[in-house]
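Try each task before you read its solution.

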Amino acid sequence: MTASLRILLIALTTLAFAAPARAHPHVWVTMHSELIYAPDGTITGVRHHWAFDDMFSAFATQGLESKEKDKFTREELEPLAKVNIESLKEYDYFTYATADGVKTPMTEPLPDYWLDYKDSVLTLNFTLPFKTPVKSKELKLEIYDPTIFVDFAFAKDKPVQLVGAPACKLDVALPREMTYAEGKALSNIPADQQNTTMAWGAQFANKILVHCP
Amino acid sequence: MTSGRYSTLAQGALFILGMLLVLGVIDAALAQPFGMTRGAPPPEIGGFTGWIFAKQAEFYRMMSGTIRAAKADGSAAYTLMGISFLYGIFHAAGPGHGKAVISSYLVANNETWRRGVVLSFASALLQAVVAIAIVGIAAVLLNATAKTMGNAVRVIEIVSYAMIVLIGLRLLWVKGRAFVSLLRGEKHDHHAHDHHHDHGHAHDHDHGHDDHHDEDEAAAWGHAHAPEPSELAGRDWWKRGLSAIVAVGLRPCSGAIIVLVFALAQGLFWIGAASTFVMGLGTAITVSIIATLAVVARGLAGRLAKAKPGAGMLLLRGFETAAALLIVAFGALLLTGYMVSERLVGI
């Protein structure tokens, strides 16, 4: 075996092992979120409306009893909603808040959560209050699954709304699909090199930024 | 180039390769991070990885539309098969302990690439069968809920991960002992290992049909390495491999289960089942390629061992021991829940 062939083999093997994907999404969520303001101008929490993709919706509703075929009422979905909310606790509801640069804890969701089922899509609705209402110049909310089993994306129309807000400026970092060119450029970066120029995390995060006077 | 210099160079290269291999496998298996730090930002995904990620997500998402289309138009089923195949290929290149365990197993056990391919295909096939069986029995026959299926998967998971630990421990016992005794500089003369000697011949003979690396290595070793007699019983490789096939293939892919249930909801369970098999085919191809690369690397180490009996053999045994250790680590981390292979959220 020539030395070059050997090097080639080594390179190939390295590539195969050093380049595994870190992501494995199996659930897609399209989000609408609302920031809830108190009359005194503090933000009390965030209300999420998470629509699951049709495959996961079919999976999650499998075997659930309903009066009408392929239709589920809020009541019929209640046990499932309970399980959803309870198991989300372990993952901090995938919601991470930072007020003026300080991590701000959220508490358990209010008991008024519910699931609805429309056009074969399951939507989870729940309100996540801050431990203490937040009043800050800048509030950053990030919604993601660190393990990327769940792929979160803001809805295209009115992804975020401010409910009862004073004059605050809203900025939503919409996630976007990686273009083919970007994918190709990314794939050209050697697997053992840290990719510094194309930070995926920053560009594709779901961020809500609120600036208040 | 003198053979001495050559092997020193090659030895260095192989050492680096070995390290990369080990790190790469850990990286692959820890794809879903350890314990998962609360509030940690999403891991940065770039390079080849980002591309694989984007591709598999793309194919997976295409499946739902294609299954719906197949309801009205039968020809969409063919498109679905194509998508499933590509999804399988890309999905297996992503995180998952399967390919890591199979590769480590092949390296530690000194199996040939052909056996690696057989193991890869058999475990992928089993994975497809298990997914179809779970959905077929639980959802189709019993109309069970997703939660019930999730529980069934969890039980299977525990069995599968425990098996991985056992396979790893057994290999570690065999390979680790050989490595340690070599490290201590023990002489492997015929006097001390007489009873192993005969088995050794059977072993070499059997392997010789498939792979010349083993002959080289055996010559360097002086027919004196001392795996357990059962390890050496030539034709038993299939039995030996069966445990690896079951350990890896028992745990079905969450994606396949979701696709199957979705197809069932559309009244197209059998199309979902066919898609699952085709996904398995794609998975098997990717895993086979990676497993083959691992075997090739192991073969290079074997050649080196021949060129430089002392240090080379130490490296080789070290390589095998590290691979066995990795299997134990995978199994233990998966079993204790520190490493999450896949999970079904909120069910």
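From the N terminus on, chain B reads α-α-α-α-α-α-α-α-α-α-α-α-α. This is a predicted model, where local features need pLDDT of at least 70, side-chain atom pairs count only at pLDDT 80 or more, and totals for chains, interfaces and linings use all residues. Residues are numbered from 1 along each chain as its sequence is written, chains are lettered from A and ligands numbered from 1 in the order in which they are written, and side-chain values use heavy atoms, with hydrogens and water left out.

**Exercise 1.** Find how many helices and strands chain B has.

Step 1: recall that helices (H or I, at least four residues) and strands (E, at least two) are DSSP runs, numbered from the N terminus. Step 2: count them, and you get 13 helices and 0 strands in chain B.

**Exercise 2.** Work out how H5(B) and H11(B) are oriented to each other.

Step 1: take the axes, lines fitted to C-alpha atoms over the stretch in contact, with angles from 0 to 180 degrees between N-to-C directions. For H5 (residues 113-141) and H11 (residues 254-265) of chain B, they come within 9 Å and cross at roughly 40 degrees.

Step 2: check the classes: under 35 degrees is roughly parallel, over 145 roughly antiparallel, 65 to 115 roughly perpendicular, and the rest oblique. So H5(B) and H11(B) are oblique to each other.

Step 3: look at who touches whom, contact meaning heavy atoms within 4.5 Å. H5(B) brings residues including Ile132(B) and Val135(B), and H11(B) brings residues including Leu260(B) and Leu264(B). The residues of this contact split into 11 nonpolar, no polar and no charged. (Ala, Val, Leu, Ile, Met, Phe, Trp, Tyr, Cys and Pro count as nonpolar, Asp, Glu, Lys and Arg as charged, and the others, Gly among them, as polar.)

**Exercise 3.** Is Gln266(B) buried or exposed?

Step 1: find Gln266(B) in the loop between H11 and H12 (269-307) of chain B. Step 2: buried means under 20% relative accessible area, exposed over 50%, partly exposed in between (1.4 Å probe, protein chains only). With 11%, Gln266(B) is buried. Step 3: leaving out residues up to four places away in sequence, Gln266(B) touches Ile67(B), Arg68(B) and Lys71(B).
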